[in-house]
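Here is a briefing on strand pairing and pockets. Look over the sequence and the model, then read on.

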Amino acid sequence: MKKVKFYLCAVLLCIVFFASCSDGNSDGSSGSDDGNSFPEHLLSYSGNNSYKSPNDVSVEDAKHQSTDLKDGWWNDTAFYHIWVKSFCDYDGDGCGDFNGIKSKLDYIKNDLGCDGIWLSPIFECDYKSIRPSENMHGYDVKDYYAVNSYFGTEDDLLSLIDACHEQGIKIIFDFVPNHTGKGNAWFTNSCEGGNKKDWYVWNNSKLNWNPGMGSSDTWHKNPKGNDYYYAAFWEGQPDLNFRNYEVREEMKNVVRYWLNKGFDGLRIDAVRYLIETEKSLVDTQETHKWFRELRAEVIDSYKEISPKFMVCEAWIENNRSALNAYFGSEKKPEFNMVLDFDQGRGCYNSIYESDSRILTSTLDKNPSEIKAYGTFIGNHDEYMGRIGTRFDGYVPWIKLITAMSLLRPTVPFIYYGNEIGMQEGNYNGDLRLRTKLNWTNVEKQRNDDSSILSLNKALLALRKEYSELFRNGTVTELKSATIDKVTKNSVYTVAAYTISDGKDTLLCVFSLENISDNKFWFNSSGLDISSYSVLIGVNDEKNLSLDGSDIKVEYIAPYETRVYYIGDDTKEMLFTDKRLFLRGDMNSWGYNEMFYDSENSCFYVDCELKLKKYQFKFDAYCDRTLSYGSGEENTDGKPVSLREKMQTSTEEGQNTNFLFMPSSSGTYRFTFYEDDNTFIITQE
């Protein structure tokens with residue numbers, strides 16, 4: 001009996017000890033440093049819990065605020081992610097700046113359609129350079145209360161904020177609380193053993209801490225002492241100690257300081273790594289607790305002034321429970337929004353694998369008030385790369401993944417340049433994703449109503465028109481009912497789903513492969529298609545029909561996106577995708593995509609031909625005026641009018657294909673001019 005009592009006492013003592021560590025009251029001394037242990041002093045809380053920042057501000061000091069914003073406004077916003085250094089150089093010094101962004105607000109709001117801006121890090125940082133070949137990323141913060149002088153002055157920033165608000169654009173900043181730069185005065189003081197010694201994570205020897213950031217060497221020698229500091233990312237970014245009450249309050253004050261300047265919210269970087277425990281180095285309950293404090297004490301305190309929000313970057317894939325934990329709960333809310341890496345990855349993989357099940361499996365099918373996902377198909381990190389490079393500049397794929405990303409009930413984030421299919425720069429690492437925006441290409445796409453930019457604009461306009469649907473709509477997958485004639489298996493090369501809020505219903509269809517048999521069947525799921533309009537597609541052809549209990553979709557072009565409004569046949573098209581295919585016996589009557597030249601209003605494609613007679617035709621999917629030819633031969637370089645040939649193409653016995661005999665083997669360019677429906681064939 002005495003033995004049992006002894007064990008119970010031991011258990012109770014352990015419970016008391018660990019409870020004191022978790023609530024911040026332990027003053028345990030350092031334990032044995034064998035590299036694998038968790039020293040007790042790293043579980044202890046320190047600092048003055050009534051600390052006030054030298055830059056202390058209160059919510060009542062807020063100025064430059066957005067007006068007439070309602071709580072939850074972020075759910076109806078489309079964000080444009082700007083890498084400040086590379087976006088627009090206003091003063092000509094080779095570096096993008098605040099005034100450059102200000103000069104392009106009309107482009108962002110009206111030519112693209114975004115009404116929110118996320119700025120990459122803007123604070124004074126350790127490493128600075130205006131050279132395009134050098135990566136000034138800004139995640140090594142030197143001073144949280146000063147802006148990067150290469151971007152302009154604080155007055156320039158305030159002018160940008162005011163200009164955004166005048167145009168109804170919200171603006172958020174990138175906040176890095178986990179670590180600072182080595183050049184930060186706080187870290188210098190800490191290295192010297194000053195009053196900020198405990199503002200960083202120190203130990204007398206290196207520990208085997210590996211949070212999974214790629215490097216196992218996370219403890220580094222004090223440049224002015226014999227101990228070691230922890231840096232989860234790399235030596236130049238020492239981790240702050242969030243078990244220090246002064247750090248906790250200082251970082252809350254940084255957020256208040258900039259929200260008071262007029263920012264409408266913030267994106268928080270690397271949220272998983274704030275506070276380590278003996279059980280885990282990431283996603284700890286102590287980390288969640290601090291973000292709940294930030295939400296309650298700072299973010300929510302602006303509700304009566306101008307509602308703010310915070311979105312987290314918790315780079316978590318294939319673990320929804322860990323990701324969703326950053327929302328907190330209804331009683332203890334944490335982040336207003338989380339960035340969702342799975343949904344973007346699903347868009348890419350569904351195209352790579354030509355498998356609709358990948359796309360539909362990643363859709364957020366039931367949005368809720370406390371769960372707002374931010375989705376994207378590229379950012380400033382290595383995550384996905386630029387869509388223009390990933391798809392080798394192939395416009396149909398770029399348009400397809402753009403539509404996949406924007407046609408879902410989430411909050412879209414568009415990385416600058418992706419709206420025009422910009423490709424990566426010729427650099428290594430992240431820098432290749434952060435090169436200067438090609439404004440010449442922007443101007444070209446502005447004037448092309450079938451460009452990638454125009455598609456982005458149309459889809460964002462669609463989201464605005466049906467904002468309630470994209471905020472609260474339910475997604476219903478239309479499962480494939482197409483059966484392969486040979487294998488007898490279901491075919492998953494076309495994806496289809498509806499988004500509906502009970503008032504409006506959109507049917508979204510995506511072709512994931514270049515296939516010749518363009519008829520597909522889906523289980524109708526009770527969808528009534530007796531009346532509908534085409535909003536997005538290559539044309540407004542009415543190509544939905546009921547086939548028994550299934551919906552049949554016909555004449556879908558390879559890699560086409562079609563969006564239908566269900567229940568009304570009077571809606572106007574928002575975007576017509578100009579597509580033309582060269583089909584003939586030179587490509588076994590497959591679909592050769594012709595490239596569109598907006599400057600010359602023509603389509604073109606190059607083909608390798610031998611010295612023989614070829615039959616061919618132009619196919620625009622359901623636009624029959626381009627699908628028929630004549631039996632006459634065409635010689636090199638001689639223009640032929642399709643309009644003239646159409647007058648005879650329906651006569652009895654008339655050949656429906658054009659004929660061509662090249663003068664020699666080689667590469668020939670087929671060019672079709674849309675203005676007058678003529679084509680020409682020239683040897684390259």
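Ile268 has Cys312 in β10 as its bridge partner. Strands β9 (residues 265-268) and β10 (residues 309-312) run parallel and are joined by 4 bridges. This is a predicted model: local features need pLDDT of at least 70, side-chain atom pairs count only at pLDDT 80 or more, and totals for chains, interfaces and linings use all residues. Residues are numbered from 1 along each chain as its sequence is written, and side-chain values use heavy atoms, with hydrogens and water left out.

**Barrel**
- Eight strands form a closed barrel with parallel pairing, in the order β1-β2-β5-β9-β10-β11-β12-β13.
- From one strand to the next, the twist averages 25° (axes are lines fitted to C-alpha atoms; angles run from 0 to 180 degrees between N-to-C directions).
- Strands are DSSP runs of E, at least two residues, and helices are runs of H or I, at least four, numbered from the N terminus.
- Two strands pair if DSSP finds at least two bridges between them.

**Largest pocket**
- A pocket is an open set of points on a 1 Å grid over the protein atoms alone, where a 1.4 Å probe fits, with protein on both sides within 12 Å along at least five of seven lines; lining residues have an atom within 4 Å of a point.
- The largest pocket holds about 660 Å³ of space, a volume filled by probe spheres set on the points.
- Its lining has 28 residues, with Val395, Gln445, Asp448, Ile452 and Tyr596 nearest the centre.
- α13 supplies the largest share of this lining, 4 residues.

**Second largest pocket**
- About 500 Å³ of space lies in the second largest pocket.
- Its lining has 20 residues; Met213, Phe233, Asp269, Trp315 and Asp381 are the closest to its centre.
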